[in-house]
Amino acid sequence: MTTHTQHAEQLSTTTLLRFATAGSVDDGKSTLVGRLLHDSKSVLTDQLEAVEHASRSRGQEAPDLALLTDGLRAEREQGITIDVAYRYFATPRRRFILADTPGHVQYTRNMVTGASTAELAVVLVDARNGVVEQTRRHAAVAALLRVPHVVLAVNKMDLVDYAEPVFAAIAEEFTAYAASLGVPEITAIPISALAGDNVVEPSAHMDWYGGPTVLEHLETVPVSHDLTACHARFPVQYVIRPQTAEHPDYRGYAGQIAAGAFRVGEAVTVLPSGRTSTIAGIDALGESVDIAWAPQSVTIRLADDIDISRGDLIAPAADAPAVTQDVEATVCHVADQPLSVGQRVLLKHTTRTVKAIVKDIPSRLTLDDLSQHPAPGQLVANDIGRVVVRTAEPLALDAYADSRRTGSFLLIDPADGTTLTAGMAGASFAAAAEPGAAAADDAEWDF
Amino acid sequence: MTTVATMSEGTDNPYALSHLDSLESEAVHIFREVAGEFERPVILFSGGKDSIVMLHLALKAFAPAPVPFTLLHVDTGHNFPEVLEYRDRTVARHGLRLHVASVQEYIDAGKLRERPDGTRNPLQTVPLTEAIQQHRFDAVFGGGRRDEEKARAKERVFSLRDEFSQWDPRRQRPELWQLYNGRHAPGEHVRVFPISNWTELDVWQYIARESIELPQIYFAHEREVFNRNGMWLTAGDWGGPKDHESVETRQVRYRTVGDMSCTGAVDSDATTLDAVITEIAASRLTERGATRADDKMSEAAMEDRKREGYF
């Protein structure tokens with residue numbers, strides 16, 4: 001349905017959607033990804049030929065579309081996906097960046113990586129098996145990472161006679177479960193990735209389904225947020241001071257707006273110092289503008305010459321975050337070396353990196369049965385848990401629930417630079433769940 | 001009828017960025033992160049379209065101040081004269097400083113040996129990595145895009161390299177949110193790919209939108225070429241054609257610019273940016289599949305070269 005022969009100007013007005021896929025090993029994730037790429041004509045002839053050639057040399061009769069996405073020698077040899085890969089495809093309405101994440105239990109960190117930048121997550125379920133442990137795990141990670149939109153793709157509908165009750169039961173169970181975790185928007189779509197039902201083309205086998213296909217939904221889901229509801233945040237990346245004859249007095253604070261919008265004339269506070277000024281000008285990559293919003297990269301000039309450097313945060317004077325040296329967070333441990341109580345680490349938050357110490361690890365979540373394990377002492381690879389960290393300098397930190405960008409941080413090993421842990425500041429995510437949500441009894445995690 | 005959630009039709013939010021604005025904003029953020037965190041960054045600049053776009057983004061990221069990076073070109077000795085001319089003119093126009101690492105000098109000094117097939121692209125790795133060590137560059141910007149090749153699809157925006165410049169895909173750091181971890185030990189460096197998330201079409205659309213000048217070989221022109229392994233190579237002193245290969249004049253253009261010995265031209269009558277974009281949008285071949293011999297050597301050719309220190 002999507003040809004690429006659109007005029008250039010038409011294509012350049014399209015928006016960009018970043019999304020991630022999650023699914024167990026045999027749920028048909030590769031087939032779904034392959035079909036999205038193939039039917040959007042993003043698999044080109046030479047790539048297909050390479051796949052066909054490689055498949056034949058392995059003795060396979062049909063081209064193995066997984067070879068399109070398994071880019072490393074070790075992945076092709078072992079037939080598994082080791083690491084996140086990024087895929088690109090486009091329709092006339094939108095361009096897509098797909099974080100293709102491995103489905104194995106032991107690769108939770110990869111799903112966290114893929115979901116961290118995603119605005120939408122597709123969770124695959126096999127219609128024959130329904131909601132299983134791995135589905136709950138994926139829903140939990142999507143909720144934890146605050147992915148704004150979740151699609152439940154109930155796959156292999158062809159193997160359950162395209163029966164509506166099968167789909168309805170799975171959709172209802174998943175929706176209740178995910179809503180209890182605080183997932184804000186869930187769209188359930190019955191598909192057969194193999195047969196092509198409701199992936200790109202509407203299914204001829206499921207008259208009872210009146211919703212969008214997967215691609216239609218991806219094309220129309222909103223990608224920008226309500227700016228009036230966001231706390232405006234601007235982490236200073238770099239100070240631009242040309243000191244040239246042409247610009248002797250120019251002093252601009254370069255950065256990418258992390259959340260909300262900034263306007264010329266607005267009163268602002270600079271954290272952590274707490275100094276105040278007003279915005280004298282905003283330069284949006286060569287153009288002077290009156291207003292700029294996330295995620296634009298801009299340069300802000302202030303009316304007063306105050307001491308500001310990389311790592312500071314500019315926020316509206318009326319809506320500045322509190323600064324703190326005590327960080328409580330839910331984390332996903334992403335390194336092979338463990339994280340222990342008492343460990344000295346570096347904490348990278350927006351453009352600021354500070355020394356820190358792990359004061360406590362109150363709990364660890366057992367992903368298999370979603371039970372909590374108190375005081376585990378340490379976290380190992382792929383563990384999700386709660387940590388308490390004390391920093392050497394104050395941070396202007398938001399709750400991750402309020403801002404993914406200014407509520408997230410990394411813990412880094414100061415000895416070798418390894419990224420240890422992905423952190424999400426604030427109360428445990430389940431606490432934000434709708435109290436009225438059904439079937440929440442077993443989901444009140446307080447880890 | 002059992003749609004669980006409703007679909008939102010209205011996506012004409014005035015605060016939605018176009019895809020080019022999103023990609024530009026992300027790339028500028030990456031340039032500024034490197035400027036803020038590293039001591040001695042350098043931009044690999046070949047005069048090809050990807051590095052031209054990178055330089056354009058860097059100019060915008062730090063305006064009205066100058067780009068706070070030097071440039072590095074690994075000259076294979078078989079580069080297109082039009083591209084070298086463009087390179088030098090661009091460097092002069094923006095008052096930049098250019099380092100050149102020369103493959104020819106390495107061959108002349110006996111430190112590298114010409115390959116039997118005459119291809120010099122794989123020979124670039126040694127001069128590149130030695131230039132990085134010699135100048136103690138700690139961050140090296142490359143124009144690599146993840147859509148180019150399957151091993152590239154696995155590449156991080158910040159890619160840590162050891163003291164031998166090696167890439168180990170199993171030891172890559174997870175890259176979370178926009179929090180790029182550039183920590184590295186002395187002797188190690190980080191390869192940085194600001195346009196990782198761009199596709200070939202994005203690059204061309206951006207060039208058109210920003211009216212960026214390109215070397216003329218990107219547009220259709222008459223050229224003396226000969227066919228080798230299914231590719232139209234430019235005839236010249238570098239080593240072609242051989243006896244059994246015959247030269248003909250064809251209307252061609254280049255989709256990618258590299259060493260003359262392994263970069264093929266495509267038949268084309270696209271003489272303008274709009275025509276090039278239309279042609280690319282309709283093409284059924286990838287950029288590298290169509291025109292790069294070095295990637296056809298084996299299924300893992302790119303991965304193997306990246307492991308050795310290539311971009």
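1. Contact here means heavy atoms within 4.5 Å. On that basis, residues 24 or more positions apart make up 72% of the contacts in chain B with a separation of 6 or more.

2. Housekeeping: this is a predicted model, so local features need pLDDT of at least 70 and side-chain atom pairs count only at pLDDT 80 or more, while totals for chains, interfaces and linings use all residues. Residues are numbered from 1 along each chain as its sequence is written, chains are lettered from A in the order in which they are written, and side-chain values use heavy atoms, with hydrogens and water left out.

3. On chain B itself: 63% of its 311 residues count as buried (under 20% relative accessible area, 1.4 Å probe, protein chains only).

4. Now the interface. 76 residues of chain B touch 105 residues of chain A. The two chains bury about 7500 Å² between them, with 56% of that on carbon and sulfur atoms; this is the accessible area (1.4 Å probe) lost on putting the two parts together, summed over both. On the chain B side, B:Arg32, B:Lys154 and B:Trp177 lose the most area to chain A, together 11% of what that side buries.

5. Charge pairs: there are six salt bridges between chain B and chain A (a side-chain nitrogen of Lys or Arg within 4 Å of a carboxyl oxygen of Asp or Glu). B:Asp202 forms a salt bridge with A:Arg95, with the closest N and O atoms 2.8 Å apart.

Notes
Buried means under 20% relative accessible area, exposed over 50%, partly exposed in between (1.4 Å probe, protein chains only).
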